[in-house]
Amino acid sequence: MFEHIDFSSIDVTAPPPAQEPERQYYFIAKAKKLLSVKSSEIGRPLTAMVKTFGCQMNERDSEKLRGILETVGYQPTDSEEADFVLYNTCTVRENANLKVYGRLGYLGGLKKKNPHMVIAMCGCMMQEAEVVDKIQKSYRFVNLIFGTHNIYKFAELLVSALENDRMIIDIWKDTDKIVEDLPAKRTYSFKSGVNIMFGCNNFCSYCIVPYVRGRERSRRPIDIIREIEGLVADGVVEVMLLGQNVNSYGKNLEEPVTFAQLLQEVEKVDGLQRIRFMTSHPKDLSDDLIQVMKNSSKICHHLHLPLQSGSSRLLKIMNRKYDKEKYLEVAEKLRREIPDLSLTTDIIVGFPGETEEDFQETLDVVRRVRYDSAFTFIYSKRTGTPAAVMENQVPEEIIKDRFDRLLALVQEIGREMSSRLQGKTLPVLVEHVNEQDDALVTGRLENNLVVHFPGDSSMIGKTVDVYLKECHGFYYIGEPAE
Ligand code: SAH
Ligand code: SF4
Ligand code: F3S
């Protein structure tokens, strides 16, 4: 395991080993030496920050990047006025992408003031050739660019960036590799994301993720369980199992395992209190999974089940592989089997060719399923996806109007659904001291709703029974139960 490595005993004058993760341990040892020399030259410790754009998978990747940076000797900071700044980017919608260019201009200014500053970029945006071209042309001050497939090589790339003045670019098209046993620095002491699979094979026609994250690969159950046991030994009580489509977990393993079977193994880990997962594709949601969720004392009764559209016609063009009826059937079965389940979703408005009639179908599903909350997105054209070249793109004003109507409905129903727990006493896992009022702490119910109640920092990471006094839309004000 990584924790037991003695980096000072690694001979960095010898050539690097070919095998992973030993090769990365070698480069960690090398980076450690380079940094300690640099830090004594300039007479102060060096600092590093990683900024994350995008989804939970990127958040988890950033924890791994921070793990390397801290192991090699950087002091963590939240400020971009640091000696090493790494942006872990997202490109799922155009605005995610534009945000990064805006911040990058600002970083260029900071670098002029700090000659020791190293700027690096990674993540999904870097898998797009146009992006890398643009950075090479217009942002010459960037030192290192790498992608999603070779992120495990970060220590090695860091050494190249520290030893070279020119821009280092290393992007792979795809990989079948999964490298285990590298460090991670968690954002929260008591909860953690755990990757169970990487990539996506679904090719929904609007979505860029399969192009930038590559083909689906599952981690072996033994590696996942070992990681979770290690996390629990280190104080973690809640895990979020991560994948673009967790319901197809394990299909391509040498010894195939289903997601429901994996969950049963995770459930057995002593000391673990809560299990969450994300994201479930409706096309692969099995009856076994519903039964395992129903009978588990640890799996949270919360399911994120992206709808995208309620129109069967559009779902077909989106390549979602289910129709309105199938989705409603799954939702009804879930409600019947697990009555206290909280259901949330993702919806896209303005997919090419969306008519008012299609949109009404979406509103109809929202009314019938009654989501606790929903992320609503305006369709964003992503170069290289089939939808980007569809001719019937919907005009902006129409999309805006539909978006507002959808949001109003989603919020109205979400408020009603959230308030159904008022007056109950339920366990809350405390996450942090309230940002506005330090006499309060903030935590989450099993169904993911936020609760604020009187408390102090000694409660962080603990589960407390809380009386849910008042529902304020999407959060509760509570009181610790007697
Ligand atoms: N794998 C997950 C979703 C990952 S992306 C799933 O299939 O459910 C998260 C969400 O972003 C998607 O559910 C979708 O609603 C939204 N999204 C993806 N591509 C988009 C695009 N081109 N425009 C707008 N929203 C998009
Ligand atoms: Fe994108 Fe579809 Fe894969 Fe989700 S399942 S990541 S929406 S292609
Ligand atoms: Fe964005 Fe990549 Fe996640 S495109 S949503 S960070 S997989």
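**Reading burial, ligand contacts and strand pairing**

Me: Is H281 buried or exposed in this structure?

Reply: A residue is called buried under 20% relative accessible area, exposed over 50% and partly exposed in between (1.4 Å probe, protein chains only). H281 has a relative accessible area of 4%, so H281 is buried. Please note that this is a predicted model, in which local features need pLDDT of at least 70 and side-chain atom pairs count only at pLDDT 80 or more, while totals for chains, interfaces and linings use all residues. Residues are numbered from 1 along each chain as its sequence is written, chains are lettered from A and ligands numbered from 1 in the order in which they are written, and side-chain values use heavy atoms, with hydrogens and water left out.

Me: Where is H281 placed, and which residues does H281 touch?

Reply: Helices (H or I, at least four residues) and strands (E, at least two) are DSSP runs, numbered from the N terminus. H281 sits in the loop between β11 (274-278) and α9 (287-295). Contact means heavy atoms within 4.5 Å. Not counting residues up to four places away in sequence, H281 touches N202, N245, N247, L305, R320 and Y322.

Me: Which side chain joins that of H281 in a polar contact?

Reply: A polar contact is a pair of N or O atoms within 3.5 Å; within protein, one must be able to donate a hydrogen and the other to accept it, and residues adjacent in sequence count only if both atoms are side-chain atoms. The side chain of H281 has such a contact, of 3.4 Å, with that of R320.

Me: Which residues are closest to ligand 1?

Reply: A residue is near a molecule if one of its heavy atoms lies within 4 Å of it. Ligand 1 is surrounded by 15 residues, of which the closest are R93, Q244, Q308, D346 and S380. A polar side-chain atom of R93 lies 2.9 Å from an oxygen atom of ligand 1. For D346, an N or O atom of the side chain is 2.6 Å from an oxygen atom of the ligand.

Me: How many bridges join β16 to its partner strands?

Reply: Two strands pair if DSSP finds at least two bridges between them. Strand β15 (residues 425-433) is joined to β16 by four bridges, and the two run antiparallel. Here H432 stands opposite T442 in β16. Five bridges join β16 to strand β17 (residues 450-454), again antiparallel. In that pair, G443 stands opposite V451 in β17. Strand β16 (residues 440-444) is mostly covered, with four of its five residues buried.
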